[in-house]
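Colleague: I have the sequence and the structure open. Could you take a few questions on it?

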Amino acid sequence: MHAEVKHNPDFAAVQIQFHQPGEQVVAEAGAMVARDTAVQMETNMRGGLGSALKRKLLGGESLFQNTFTCTQPGQTIWIAPAPEGAITQIDLQPGQELYLQSGAYLASSSGVQLDTKWQGAKGFFSGEGLFLLRAYGQGSLWFSSYGGIHVVDIGQQYPGYICDTSHMVAFTQGLSYNIDKVGGLKSLFLSGEGLVCRFGGQGRLWMQTRNPGALASFLQPFRTVQRSG
Amino acid sequence: MQVNVLYRPSQTVAQVWLQPQESIMAESGAMMGMSMNVDMQTQAGGVMKGLKRLFGGESFFRNTFTAQGGQGEVLLTTPLCGDMAVLEVGARQWQISNSSFIASSVTVDVSTQASGRGFFSGAGLFILGTQGQGQLLVGSFGAIEAVNVNGELIIDTGHLVCWDANLQYTVGKSSNAGWIASYLSGEGLVCHFRGQGQVYVQTRNAQEYGSTVGRLLPPVQR
């Protein structure tokens with residue numbers, strides 16, 4: 001298959017053209033924009049109920065995923081995420097691993113495996129969900145960001161990097177991180193910066209330029225008030 | 001200090017490069033990421049200054065980022081989608097609509113305009129003023145456009161980002177037909193500028209956006 005990400009970083013969509021019958025793409029429920037009528041679509045809980053529930057409850061993904069299978073060469077499918085922003089394509093090789101923040105997963109080709117990974121107590125304080133999705137195997141993976149995507153290569157360009165937890169999207173397996181406050185104790189409560197991930201090691205970090213929590217806090221005061229009684 | 005605005009025009013981030021020991025002061029919550037050697041301090045800048053800032057619709061606290069023992073990098077962002085502009089402060093001073101302020105050099109003093117007309121102009125507009133010398137980073141909701149005023153111009157207060165402090169302005173109703181007509185027109189309050197100078201205008205109005213979407217959200221139960 002051949003994939004092309006269009007309209008980055010504002011309103012990205014990925015257009016996939018299949019080359020051979022039997023090629024498959026798995027996508028988050030609701031992510032399909034358009035497809036050739038003869039592309040077969042199957043809705044399932046990937047990996048069975050237990051595995052899907054774990055991904056849903058722990059990884060923030062939807063319970064169901066759709067599998068699209070090519071029946072004729074040249075068929076196409078379009079996929080897009082819900083929020084405005086960018087899509088990043090990663091071509092995974094055996095032995096490579098990618099960690100995704102819950103909700104960032106968009107789609108992948110059939111050779112890519114996903115599971116959730118317990119982040120230990122440090123994930124507990126991040127406010128971003130306890131678990132990260134771990135992607136491995138061989139094939140293409142697409143993840144989405146709210147806003148543009150900013151890449152930081154740690155180990156070469158930077159010896160380490162500090163990233164606001166709500167702006168963290170994905171990172172490669174060579175990186176390690178811990179969750180920490182930034183500044184002193186006073187800053188923890190008053191700076192408005194919340195918690196950060198301090199990354200070290202060798203690898204790539206992807207950050208999103210907008211933060212869904214900040215949009216929600218902006219909108220909150222505009223909600224109407226309903227008085228009971 | 002060097003500021004690069006990336007991912008224009010709608011998903012912008014300001015990549016700020018600091019020299020060793022150089023600092024930048026930023027609005028609370030604006031930091032998206034930074035290099036390991038940058039130190040952050042939270043300051044209220046004195047109780048009175050903090051209170052004035054609170055009245056300015058800004059957050060009470062601001063953060064100062066300082067590069068320690070080498071060059072440093074800070075990424076700054078805004079809650080809503082839009083563009084950014086980097087302005088020189090010194091020969092020209094600026095007045096800023098409170099929600100548009102992102103960051104400034106520590107050598108620039110940014111304070112709420114306590115006196116003069118338009119301190120509280122309604123429509124959520126509080127005005128900040130600059131003093132000193134350095135750089136100023138402002139953000140817009142939507143696209144940003146620099147408009148040259150030569151004579152007079154009327155701009156909706158919700159679309160103002162910042163303007164040349166040399167410009168005279170009065171805040172008032174939009175229509176000449178009276179307050180009721182002005183209210184019904186949906187145009188709210190406007191700034192009437194006079195003189196010569198630049199005004200930065202944003203193509204979307206955050207208050208309008210908030211009330212349009214806010215109506216559709218489930219009500220808050222009290």
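Colleague: How many residues of chain A are in contact with chain B?
Modeller: Remember that this is a predicted model. On the side of chain B, 33 residues take part. On the side of chain A, the number is 37.

Colleague: Which elements of chain A each supply at least two residues of the side that touches chain B?
Modeller: Two are helices, α3 (185-190) and α4 (212-219). The others are the strands β15 (161-164) and β20 (225-226).

Colleague: Which residue of chain B stands opposite A:Val225?
Modeller: Strand β20(A) pairs with β18 (residues 220-221) of chain B. The pairing is parallel, over two bridges. Within β18(B), the residue opposite A:Val225 is B:Val220.

Colleague: What confidence does the predictor give the complex?
Modeller: It reports two scores. The pTM is 0.89. The ipTM is 0.87.

Colleague: Now chain B itself. Which strands are at the edges of its open sheet of six strands?
Modeller: The order is β5-β6-β3-β10-β13-β8, with antiparallel pairing. An edge strand pairs on one side only. That applies to β5 (38-43) and β8 (84-89) of chain B.

Colleague: Which residue stands opposite B:Thr42?
Modeller: β5(B) pairs with β6 (residues 62-67) of chain B, antiparallel, over six bridges. The residue opposite B:Thr42 lies in β6(B). It is B:Asn63.

Colleague: Which element of chain B has the lowest mean pLDDT?
Modeller: Chain B has a mean pLDDT of 86, and 81% of its residues reach 70 or more. Among its elements, β2(B) is highest, at 98. The lowest, at 57, is helix α1 (residues 47-55) of chain B.

Colleague: Where in chain B does pLDDT stay under 50?
Modeller: The model has 18 contacts beyond four places in sequence for that stretch. Where pLDDT is low, the predicted coordinates should not be read in detail. The stretch is residues 115-123 of chain B.

Methods. Residues numbered from 1 in each chain as written. Chains lettered and ligands numbered in written order. Predicted model: local features only at pLDDT ≥ 70, side-chain atom pairs only at ≥ 80, totals over all residues. Pairing = 2+ DSSP bridges. Helix = DSSP H or I, 4+ residues; strand = E, 2+ residues; numbered from the N terminus. Contact = placed C-beta atoms within 7 Å. pLDDT = per-residue confidence, 0-100.
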